[in-house]
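Subject: Structure handover

Hello,

Here is the structure I said I would pass on. My notes on what was found in it follow below.

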Amino acid sequence: MAKFMNTLLRTLKTIILPIIVYLAFSILSKGRFGQPAGMLTIARQSIMPIMVALAITCNMTIGMWDFSAGAVVYTAAIVGGNLALMTGTGIPGLIVILILIAVTLNTITGLLYNLFKVPSIVLTIGLMMVYEMIPTLLFKGGVLISGKMTHLALPPYCFIVFAVMFIIFYVVFNYTPFGHNVRALGSNQAIAANVGLNPATIKLVSFIFGGVFLGMAAVMDLSTKGMIRPPATMGSVSMIFDAMMGIFIAFFLQKYCNLAIGVVVGTFTMKMLNSGLVSMGLSTTVRDITTGLFLLILLCISANQGKFTEWRNNKEKARLANEKFTQANA
Amino acid sequence: MQKITLLETKGICKSFGPTHALTNVDITIRRGDILGLIGENGSGKSTFSAIVAGALSPDSGTMQLRGEPYKPSTMVHAQSLNVSMVVQEMGTLPRITVSENIFVGNLHRFKKNGFLDIRKMNSEAAAILKEIGAEDIQPEVFIDQLNFEDRKIVELARAMYNKPDLLIIDETTTALAQKGRTLLYRIIEKMNSENKAVLFISHDLDELMEVCNAVTVLRDGFVIDTLEKDQMSIGKMRSLMVGRELQGNYYRADYDGSYEDEVVLEVNQVTSGPVLENFSMKLHKGEILGIGGLANSGMHELGRVIFGIDKPITGEVILSKNKTRVKNPLTAIRNKMGYVSKDRDKEALIINATIRENIVLSSLRKLQSLLLITAGREKAVTEQQIESMSIKCSSDTQLCRELSGGNKQKVVFAKWLAAQSEILILDCPTRGIDVGVKANMYALMNDLKNSGRSIVMISEELPELIGMSDRIMILKDGALTGEFTRSENLSEHMLIEYMI
């Protein structure tokens, strides 16, 4: 019974954030937000950022930033989409080619990271600019696919894709030595290396594994939009914004739920927040400010949650010390 | 009966920069040995154990394990050769489970069709925990849910997983309460009964007398002696640990421990960190006040509280001149206080900045004129310090990370001297620097004292405390256990009795 109550409590704490966002916008938008059809659209729109979030979760768990993820998605979608059209391999070809391109690019990122030993933030911003140029050089006009190749973006296929990719991530992250090593490395790199883990190999595999999800994110993005043009310089960053915010929320939620579930809940919450702000008719500027404040408040709570315990412990310690001092001087 | 040699080291040397941590260390560990390794702080005990356990490589020397050449490249490699160690610091990984902590680095052993057999992993972890007598620790819980002692027991389980022939226990008992100690002693007994060996490092001489059947004494990186059980006594161990005379004018030559009556700083009933409790002291003008104790006695926390880095849980630090309460480092610096941290590269210096940037850092307000600081003024101050401190550098724009340990420490001192600090808190001021620079530092401290500056010198080195202090306060478990005034008759034996 106690175990059941504990699980129930943790589940409630996990979903309380999206519920609050849902209720808040349902009330504030006077019914424009929160209708079943609208929520289904938000769920569909969340799939692509969730794929990106899952792709960079392992890296961020280890403490590596990946700002090149958006550029990889663009490159995989435009280059891979054109190759799939040229070869006439249809949806299966689209999936395979896009994943291969994304995995190749992420492998290059991982190898360069281990080779250059520069901070991940510096390396991936540099590579983002390089990767963004690839589609411009090869296919200036971008990619346009036919309606027949966009089925994966439609229900129920999009949800099947999401379910398959989520299960793959969940199993790898929780039930393979790689997933456990990622978590160990993220806990303390020095101790992890001392007990025999190879940080360079784990980081490389983490990039390669992420490449699979970025490839799938590219498939979903291309299937949803039908047409993608090469991004402007650093234009791909916006693609990873929701994903990164989702992971921050997931890190906050991981004491109540599995990190993989937290990533889904976090990214969906971010998407709901964006849609809710749109439904209220707010300008882009106000939407950006609100989103930033939301995240700031959440991170503040997350960063300071140990302070209260510390304050309580110090108070008790002070009481005991004062008692001893009084006794000694009595 | 003749014991069989399990591990033999010959001529092991290890240096960290200019510091010789180990010099020609020959130690033999035999099957059935519970060998205590003792020595003062910095004597090389942890360095030796880290080399045997594969965490460090020796600069020279050889090792043989079971008669075969032994050269572990990592701790995991050593473990695979049945040599395990429980480290002094916390060695568990947060945010993962107990069983993951036990098997980290060995997870491939539980791989089944590419996936981890978590059930098997947990059940094996439970078996190991049961074997060492810690069945109350659940393998599937997150390590963060355990207290400090239980986490140390998990480390012990990790060490015992490979059924080691040699178990190294590096000052672990200080982290353990009765439950953990009982469990550890039971493991040691079992190792002994199975004709295996234990290398046991501890500062607790009573505990060493009780647990070990031999002790090897290290001093300044040299093996001084090995005592068999029938030769062991606390007095003899102490004598071997500290048997060293003060030489020439290396420290202060005088035994005049006088200072002015004026109190410059008061610490009143301060509680801080895990151990320091209700500590009070007064620092006088022109005084070198030595604070001694073991590493976890609370003395380092005291230095941080005095300079305002850590906020005290109870009590206060008051500057007597203007009754100012030291609440943070800014207040301290504005009231002419300086602090030399034990962790030079992380807390005392900006190692990627230049010598000039570091030296002028605490004096920027003084160098300012009409809101501007000119490069000329910065350079003048820096060059004066480089000359007076004899800092060996190519120019004042050289990066601090390129300097030797001793010259880095000179830059730290120069920073506070440039700021004309009148009260200096020095935490292990000569840690990791060579003898020549040490002598310079001691001479400088003496000059500072003679010019009326006041110094709190926190040190883990007893000769330094005796050689330089006008007054010495010894801390144990966060409380004052002894206070000594400067005297020719003051010996390390007298201090160590209050420390251990």
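A77(A) sits in helix α3 of chain A, which covers residues 69–87. Please keep in mind that the model is predicted. Is A77(A) buried or exposed? Its relative accessibility is 0%, and because buried means under 20%, A77(A) counts as buried. Leaving aside residues up to four places away in sequence, A77(A) touches N82(A), L98(A), V143(A), A218(A), L222(A) and I228(A). A77(A) is also 162 residues from M239(A) in sequence, while their C-alpha atoms are 13 Å apart in space.

Next, chain A as a whole. Its secondary structure comes to 12 helices and 2 strands. Read from the N terminus, the order is α-α-α-α-α-β-α-α-α-α-β-α-α-α. Along the principal axes, the C-alpha atoms of chain A fill a box of roughly 90 × 55 × 40 Å. The chain has 330 residues, and 50% of them are buried. Of the contacts in chain A with a separation of 6 or more, 79% are between residues 24 or more positions apart.

How do α2(A) and α9(A) pack? Helix α9 of chain A covers residues 199–225, and its axis is 8 Å from that of α2(A), at an angle of about 170 degrees. The two helices are therefore roughly antiparallel to each other, because angles over 145 degrees count as such. From α2(A), the residues in this contact include I47(A), M48(A), M51(A) and V52(A). On the α9(A) side, F207(A), F209(A) and F213(A) are among them. By class, the contact of α2(A) with α9(A) has 16 nonpolar, 3 polar and 2 charged residues.

The other partner is helix α7 of chain A, residues 177–187; its axis and that of α2(A), residues 36–62, come within 7 Å and cross at roughly 40 degrees. That angle makes α2(A) oblique to α7(A). C58(A), T61(A) and I62(A) of α2(A) make this contact with F178(A), V182(A), R183(A), L185(A) and G186(A) of α7(A). These residues divide into 5 nonpolar, 2 polar and 1 charged. C58(A) and I62(A) also belong to the contact of α2(A) with α9(A).

Now chain B, where the notes concern a sheet.

In which order do the strands of the open sheet lie? The order is β6-β9-β10-β3-β11-β12, which makes 6 strands with mixed pairing. The edge strands of chain B are β6 (83–86) and β12 (222–228), each of which pairs on one side only. From one strand to the next, the twist averages 20 degrees.

Both kinds of pairing can be seen here. Strands β3 (residues 34–38) and β10 (residues 197–201) of chain B run parallel and are joined by 4 bridges; in this pair, L37(B) stands opposite I201(B). Strand β11 of chain B, residues 214–219, pairs with β12(B) in the antiparallel sense over 6 bridges, and there L218(B) stands opposite V223(B). β11(B) and β12(B) form a hairpin with 2 residues between them. In its turn, D220(B) has a positive phi of about 50 degrees.

Last, helix α5 of chain B (residues 148–160) lies across β6 and β9 (166–170), running at about 175 degrees to β6(B).

Regards

Conventions
Residues are numbered from 1 along each chain as its sequence is written. Chains are lettered from A and ligands numbered from 1 in the order in which they are written. This is a predicted model: local features need pLDDT of at least 70, side-chain atom pairs count only at pLDDT 80 or more; totals for chains, interfaces and linings use all residues. Side-chain values use heavy atoms; hydrogens and water are left out. Axes are lines fitted to C-alpha atoms, for helices over the stretch in contact, and angles run from 0 to 180 degrees between N-to-C directions. Angles under 35 degrees count as roughly parallel, over 145 as roughly antiparallel, 65 to 115 as roughly perpendicular and the rest as oblique. Contact means heavy atoms within 4.5 Å. Ala, Val, Leu, Ile, Met, Phe, Trp, Tyr, Cys and Pro count as nonpolar, Asp, Glu, Lys and Arg as charged, and the others, Gly among them, as polar. Two strands pair if DSSP finds at least two bridges between them. Buried means under 20% relative accessible area, exposed over 50%, partly exposed in between (1.4 Å probe, protein chains only).
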